[in-house]
Amino acid sequence: QRPIIEVPPSRAGGRRRYLLNRVSTVTIGGGAYAFRNPPAFVPLLGWWRESSRQFDDIRHHAVRMWHETDALLEHLHEHASTAPFIARRLINNMVTSNPTPRYMRRVVAAFRTGAVDGVAFSGRYGDLGATAYAVLTDREARSSTLLADDAAHGMVLDPVVKVMHVLRALEYRSARGREVQLEDIEEVVGAQALAAPSVFNFYLAEYQPPGDALDAGLYAPQAELLTPPFVVGLLNGLFSLFDHGLTDCDGGFGYFRSRYGRNCYDGNVATTRA
């Protein structure tokens, strides 16, 4: 007999699973060690053929491969480390590089339950709306006392975010109403929007600057880009923005070339193309 077993959801709002009662055990070292294979949908080498079709016929296994991929993604999504990982990354990029355990627990609970302090969202596992609400409404995100008195609170801003803050503070508007283009800014400040070289971003999430921060066990991911060339490049670009507008004059961040027939010092460059 090969009964089908119903497995209840492991997370709030999760789906029930129906698993075949089949055990696949791997033994190594002459039987000294053994472990159970996880459930699989795609036939492994040596499995009994369940069809007269060729084993390498991709059409025969397409549905099985889809189920295998779906099961893996669901496993990763509901893994015990997923909620803390997402909570930490969101807090690091929006509030502080060094959240307290209490702050982390609140955000993790919001992700897992889909509710925050009695405020109901979807009530399902993986609710990013509830997660973002927990991140931005927590007292660590809204306390002016922490900002003023706690040296461990807060974060080093991403250089691209710094440039965006300055542009918004200056109420910058493109001269011709076109999309603002920051030409090759990653070569100047070390980062660029939507252009990370890998899934690990432009800096390590666990980076600790040497010195007092490292001695205190503090993290500052964005500080990895605070190298002399990038700091000077950021300052040059901001001064160019004040003096010339968004151009490439004097190390600026804009997209302006001499082929447009204009000079950085002709007295009218501040209204050039963005």
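Mentor: Contact here means heavy atoms within 4.5 Å of each other. With that term in hand, keep in mind that we're looking at a predicted model.

Trainee: Fine. What share of the contacts with a separation of 6 or more comes from residues 24 or more positions apart?

Mentor: It's 47%. As for the setting, the chain has 10 helices and six strands, and 28% of its 274 residues are buried.

Trainee: Before I read any of that, where does the predictor's confidence stand, on average and by residue?

Mentor: The average pLDDT for the chain is 84, and 86% of the residues reach at least 70. Watch residues 268-274, though: pLDDT stays under 50 there, and the model gives that stretch 25 contacts beyond four places in sequence.

Trainee: Now the cores. Which residues touch the most other members of the largest nonpolar core?

Mentor: The general idea is that nonpolar side chains tend to be buried together in soluble globular proteins. In this model the largest such core has 15 residues, and I91, Y103, V107 and V135 touch the most other members. Helices α2, α3 and α4 are the elements that each give two or more residues to this core. The top contributor is α3, with six. There's also a second, separate core of 11 residues, with L182, L238, L241 and F253 among them.

Trainee: Let me pick Y103. What does Y103 contact once its neighbours within four places in sequence are set aside?

Mentor: Quite a list: I91, V95, T96, A134, V135, D138, E140 and A141. Two of those names, A134 and V135, come back when we turn to α4.

Trainee: Then let's do α4. Which of its residues are buried?

Mentor: Helix α4 covers residues 128-137, and its buried residues are A130, T131, A134 and V135. Look down the helix axis and they fall within an arc of 135°, so they line one face of α4.

Trainee: And what does that set pack against?

Mentor: The partners are α2 (82-94), α3 (101-113), β5 (115-116) and α5 (139-142). While you're at this helix, check its N-terminal end: D127 caps it, with a side-chain oxygen 2.9 Å from the backbone nitrogen of G129.

Trainee: On to charges. How many salt bridges does a search of the whole structure find?

Mentor: Side chains of opposite charge can pair when their charged atoms come close. The search turns up eight salt bridges. Take E6 and R16, which meet at 2.8 Å, N to O. E6 sits in strand β1 (residues 4-7) and R16 in the loop between β1 and β2 (17-20), so this pair ties together parts 10 residues apart in sequence. E6 is partly exposed, at 44% relative accessible area.

Trainee: What about E74 and R17: what distance do their side chains meet at?

Mentor: They meet at 3.3 Å, N to O. R17, at 21%, is partly exposed.

Trainee: Last one, a loop residue. What does L226 contact beyond its neighbours within four places in sequence?

Mentor: V156, K162 and V231. L226 is found in the loop between α9 (212-215) and α10 (228-244), and it counts as partly exposed at 45% relative accessibility. For a C-alpha reading, L226 and V189 are separated by 8.7 Å and lie 37 residues apart along the chain.

Key: Residues numbered from 1 in each chain as written. Predicted model: local features only at pLDDT ≥ 70, side-chain atom pairs only at ≥ 80, totals over all residues. Heavy atoms only, no water. Buried < 20%, exposed > 50% of the residue type's maximum accessible area, 1.4 Å probe, protein only. Helix = DSSP H or I, 4+ residues; strand = E, 2+ residues; numbered from the N terminus. Arc of directions from axis to C-beta. Polar contact = N/O pair within 3.5 Å; in protein donor to acceptor, adjacent residues only side chain to side chain. Salt bridge = Lys/Arg side-chain N within 4 Å of Asp/Glu carboxyl O. pLDDT = per-residue confidence, 0-100. Core = buried A, V, L, I, M, F, W, Y, C linked by side-chain atoms within 4.5 Å.
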